[in-house]
Amino acid sequence: MRNLLTASIAVLILTACEREDREYRANPVTAETEEKIALSPLSGGPSPPVERRSGIGQGYEENAFHVAQGKKLYVWFNCNGCHANGGGGSGPPLMDDRWTYGGQIENIVQTIREGRPNGMPSFRGKIPDDQIWQIAAYVRSMGRNVRKDVAPGRNDDMHPAPAEQRRPPGEVIDGGQISPSAQMPQ
Amino acid sequence: MNRVTLFLLSLPLAGCQGWQSTLDAHGPAARTLADMFWIFTAVLATVWVLTMGALLLALRKRRVAGADPLATNPATERRMTIVISTAIGLTFVTVLALTGISYGGQRALYSHKDGALTLLVTGRQWWWQITYEDPQTNRIFTTANEIHIPVGEPVLIKLESADVIHSFWIPNLTGKMDAITGRQNQVQIQADRPGVYRGQCAEFCGLQHAHMGMLVIAEPKEDFERWRNNQISAAKPPADPERQRGMEIFLSKPCVMCHQIRGTDAGGKIAPDLTHVGSRRYIAAGTLETTRGNIAAWIVDPHGIKPGVTMPTIQLEPDEVQPLASYLEGLK
């Protein structure tokens, strides 16, 4: 009975490790996965467009290590040059809910691989495929589309101002006007 | 048996010789530290021997059995008072003297002399980025993991970190100084004799902390200037067809996203600058000697050599490895 209890506790602890499980080598060396996505619901003929998704993306989206790597690579490969920190600039924002070319991870991966009209360059052959998946997983996390315990925290330098206890002492000014809410009869 | 004991005794001493040893000082800062080490060792060893001697003496001079413990002899009492007061006084003097020596040593370590050369060293997971500063902007250049300095000149090193806390340590030349994100620390190194000194990150910084080494090469002024002028220049385009093919492969692969080779289109700034990688003695932060075979091995399987390293495994055809390694080796 006691052994059973110990074993079940050990199993419970181990399940937590999957959240940031990692492989040092992408094994085998990542060739491009075959993703077939439809950019529009229209297709020639009576049947809707055929899509094929490899399903590999889930492993990236549900893993804190991959998402955090994606966050690092997002800056290293200058994604923030156009998309800023997700708010958009010369490129569209990534943290809102509008996805011109689809918001599933395979769509984002294809967008990075192939490039898109009006400025998004193709990174095929420039970024190893597993890193493209990592970046896509991070982009998903910007729009709150990955699990909460997997998403990386926001950088300190993204806060609009230092926290109150880190700022110089404020001034105390006596007087001033009574605010309208205080003038109202209670 | 005796031989085994001798061998075991020689093991700790072997650490005190030459390559990466604090006790083999080759510069003023390291000498201050080594001197302090020896003074402390000598003083504390003396204190230990004296204390142990007094203890042994007390054990041998046993009280006469059956004597009344309350009976005292005024002459003995007086003598004991003098001995104990002297011992207390000596303890104070020793502690104060050692504190004074330590304070003097710190002052010597943190005083900076004006030097002609200033380097910006940035710790990164898991390598060192080194920028030689110069008032003439076209003479500023960046390299990695190998610092050359002229002999006998103080060199100021500004330390920064790009990710986590690292610590800069050249045991033969200077003590440790942390590289901390968001701030700049300074340390000065000076080598009295030409030589090759190994340095090491001394603050645990992640998976490959142990393989985050660097070399400091101290050489005469003329040699240093020749080296610096070569490093400032851009990489020469290769002449033979194999290396030309290697260059084409380098420029068409993901290498260019992170690495820079001045004189080509490769302009990445987040991995070691490879403009003169062939001239450096080691690749992968002091891990492998720079040979064509090691470069090829590193490109094909970086995670087999340094698990967890930032360099990704990229797709290469078998016949692309040789020209690529050959090209990089030729970047002297």
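# A chat about chains A and B

Mentor: Chain A has seven helices and zero strands. Helices here are DSSP runs of H or I with at least four residues, strands are runs of E with at least two, and both are numbered from the N terminus. This is a predicted model: local features need pLDDT of at least 70, side-chain atom pairs count only at pLDDT 80 or more, and totals for chains, interfaces and linings use all residues. Residues are numbered from 1 along each chain as its sequence is written, while chains are lettered from A and ligands numbered from 1 in the order in which they are written.

Trainee: What radius of gyration does chain A have?

Mentor: Chain A has 23 Å, whereas a compact globule of 186 residues would come out near 16 Å. That radius is taken over C-alpha atoms, and the globule rule is 2.2 Å times the number of residues to the power 0.38. Along its principal axes, the C-alpha trace of chain A spans about 70 × 65 × 35 Å.

Trainee: And where does UniProt put a domain in chain A?

Mentor: An unreviewed UniProt entry places "domain: Cytochrome c" at residues 65-143 of chain A. UniProt positions follow the numbering used here, feature names are shortened, and annotations may be inferred rather than shown by experiment. Residues 65-143 of chain A are 51% helix and 0% strand, with end C-alpha atoms 18 Å apart.

Trainee: Switching to chain B, how many helices and strands are there?

Mentor: Chain B comes to nine helices and 12 strands. Its C-alpha atoms fill a box of roughly 100 × 50 × 35 Å along the principal axes.

Trainee: Which domains is chain B divided into?

Mentor: Domain 1 is 117-232 and domain 2 is 241-329, with bounds from an automatic or database domain assignment. The centres of the two domains of chain B, taken over C-alpha atoms, are 22 Å apart. Their contact takes 19 residues from domain 1 of chain B and 15 residues from domain 2 of chain B; two residues are in contact if their C-beta atoms, placed from the backbone, lie within 7 Å.

Trainee: What is the class make-up on the domain 1 side?

Mentor: The side of domain 1 of chain B that touches domain 2 of chain B has eight nonpolar, nine polar and two charged residues. Ala, Val, Leu, Ile, Met, Phe, Trp, Tyr, Cys and Pro count as nonpolar, Asp, Glu, Lys and Arg as charged, and the others, Gly among them, as polar.

Trainee: At what angle do α2 and α3 of chain B pack?

Mentor: Helix α2 (residues 28-60) and helix α3 (residues 74-110) of chain B pack at about 170°, with axes 9 Å apart. Axes are lines fitted to C-alpha atoms, for helices over the stretch in contact, and angles run from 0 to 180 degrees between N-to-C directions. That makes α2(B) roughly antiparallel to α3(B), the word for angles over 145 degrees. Their contact includes Phe40(B) of α2(B) and Leu98(B) of α3(B). By class, this contact of α2(B) with α3(B) has 10 nonpolar, four polar and no charged residues.

Trainee: And how do α5 and α9 of chain B cross?

Mentor: The axes of α5 (residues 241-252) and α9 (residues 318-329) of chain B come within 7 Å and cross at roughly 100°. So α5(B) and α9(B) are roughly perpendicular, a term covering 65 to 115 degrees. Their contact has six nonpolar, two polar and four charged residues.

Key
Angles under 35 degrees count as roughly parallel, over 145 as roughly antiparallel, 65 to 115 as roughly perpendicular and the rest as oblique.
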